[in-house]
Amino acid sequence: MGESTVQPRNFVNPYLAGTLLGFVLFSAFALTHGGLGASGAISRIGVATMDLFFPSHVDRVGYFAAMGGGAKSAIDHSSVMMLLGTFAGGMLSARLNRRLRFEIFKGPRITNGQRLVFALLGGVIMGYGARLARGCTSGQALSGGAVLSVGSWAFMFSVFGGGYLLAYFVRKLWNE
Amino acid sequence: MLPIDVTADFGKLIGYAVFFLIGAGFGASLEVAGFGDSRRLAAQFYFKDMTVLKTMFTGIVVACILIFFSSSLGWLDFAQIAVNQTYLWSGIVGGLIMGVGFVIGGYCPGTSVVSAASFKVDGIVFFAGTVIGASVFGETVSCVYDFWNSSFTDRFLLSDLLGWSLGATVVGVTVMALCMFYAAEKCEEYFRLKGTGTGMSWKISNRNYLVGAGVLLSMALITWGIGQPDPARKWKLLSSRYESLLVSRDVFIHPLEYVKTWNDSGVKLVTLDLRSKEEFEKFHLSGAKNIEMAALFNSEFVSTLASLPDQGVVIIVSNDEQVATQAWQWLKVQGVINLYILENGLQTWAQIFAGKDLPHEPLDLARPPLKVLEQFPKDAFRTKIKLKTKKRAGGLCS
């Protein structure tokens, strides 16, 4: 049975997936006091990578030193464990649902190369914005939203707002 | 009573394992929802596929109801739950920037991890981009430092903003989400009828949707009906956790320790004087605030005490130990961290400092200087104040 002939399974109902997500989020609060997150770990991975090549630079910039200065390892942190778990859980689920394969998702009107350039650009913008906002869609919007933080709700609506404002101008990236 | 702190209670190894497992549940939830596919995420911004909105808000509402429902029944202590601090404007601007990154790149940080885990090349590249973007922020943080730290409120809840009870706010959020779900379904239906929408891979009857909505709404209403426990009921639920501190008298500080703390510029001291107005006007310690017991039920007042900086210390002053103890209990269960009681209140205050005048000046009893401690033997009191910090406010995003 060749991998390529096997059709991926369908996604589950969004409300069911959301309910599952809600229970995971609640268990995070119940077991660790805090919610979910991804961007903190991403920042730490950046600092750890930098620490490999320019350790003195990490020690000098206060923002980085707080995470990985001196003998401290930036990735020895619970948020990084959660990120590794997210990766493993995503991979296991993709494997079970036959979605584990190398491919590029893109709109029909752009080339693979263009898609990757925009993915990188979007990622850089996202990474910067997530640090400015002190959290990403998971750490701020989901976790803060569930505990009714005003800042998180304002943040959440601005993410959607920013996306909708720009969507028309970049429609060629995604639509027919 | 929840929450527990796995890392503190069971050690780093088990703590890390739990974080890993929670992450795995998170990753799997995102993956089965289809969030590893950038086309599906981006379709949200063209109103064709509202999965992102539906899944996100279902997750938020389910977790929110579980948290406040458990809290109303006394299974979970909400004061111990980390609430994202509000930095209003940097959050809004950061959010707008992220919205731009989202529609250009097709992912957000969490979903790009899942996409990369299922070998989607655009997800892998996007993830690398987020690492670069986060580092760029670190390099340039000094340019935006003031803005980044402006418009700050520590624990600012929607219920505070609206002036509603927490239960009513939970109901409000649930109703809002259900309305959004209805609009999202109508929106998708419009594009399906036009023939440009995406197909649905699941079958579910309207009846099931109504049942689901009914369950969420009734749980929210029950949460509102029971109400969040007031400090007195909370003390009954939590007394086993904190009673020992009172029994061992570890939170009763000696007047001389008060003097030491008051003179310590590294401590932000808040003194709450619970005596009557007349007694307060006759004599009070410098900087003390005269408050009534009713103030301890005022959530706005208490939240200023609970969100003091790390070097904040709150000391209760009352001539009646029973009153002081009661106040301590009510403040403790509302999350006030470094909380102590002045032993014997002010009854023995004047006696202790009698005849301890300083060489060239009379002693001001309302503000004894540090020098006065030299006139007492070194073992005159046992130091009890230990600054504890809550390093939870930042959560996983820091």
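Biologist: Okay, which residue of E6(B) is the bridge partner of Leu272(B)?

Modeller: Heads-up: this is a predicted model, where local features need pLDDT of at least 70, side-chain atom pairs count only at pLDDT 80 or more, and totals for chains, interfaces and linings use all residues. Residues are numbered from 1 along each chain as its sequence is written, while chains are lettered from A and ligands numbered from 1 in the order in which they are written. Strands (E, at least two residues) and helices (H or I, at least four) are DSSP runs numbered from the N terminus. In E6(B), the partner of Leu272(B) is Ile316(B).

Biologist: How many bridges link strand E4 and strand E6 of chain B?

Modeller: Two strands pair if DSSP finds at least two bridges between them. E4(B) covers residues 268-273 and E6(B) covers 312-317. They run in the parallel sense, and their bridges number 6.

Biologist: Zooming out, what is the radius of gyration of chain B?

Modeller: For comparison, the globule rule is 2.2 Å times the number of residues to the power 0.38, and the radius is taken over C-alpha atoms. A compact globule of 398 residues would come out near 21 Å. The C-alpha atoms of chain B fill a box of roughly 90 × 50 × 40 Å along the principal axes, and the radius of gyration of the chain is 27 Å.

Biologist: How do H1(A) and H1(B) lie to each other, roughly parallel or roughly antiparallel?

Modeller: Axes are lines fitted to C-alpha atoms, for helices over the stretch in contact, and angles run from 0 to 180 degrees between N-to-C directions. H1(A) and H1(B), residues 6-33 of chain B, pack at about 170 degrees with axes 10 Å apart. Under 35 degrees counts as roughly parallel, over 145 as roughly antiparallel, 65 to 115 as roughly perpendicular and the rest as oblique. These two helices are therefore roughly antiparallel.

Biologist: What about H2(A) and H5(A), then: how do they lie to each other?

Modeller: H2(A) takes in residues 39-53 and H5(A) residues 78-96. Their axes are 8 Å apart, at an angle of about 105 degrees. That makes this pair roughly perpendicular.

Biologist: Last one: which helix gives the most to the side of chain A that touches chain B?

Modeller: In all, 116 residues of chain A are in contact (C-beta atoms, placed from the backbone, within 7 Å) with 116 residues of chain B. Several helices of chain A give two or more residues, including H6 (112-132) and H8 (150-167). With 18 residues, the top contributor is H1(A).

Methods: Contact = placed C-beta atoms within 7 Å.
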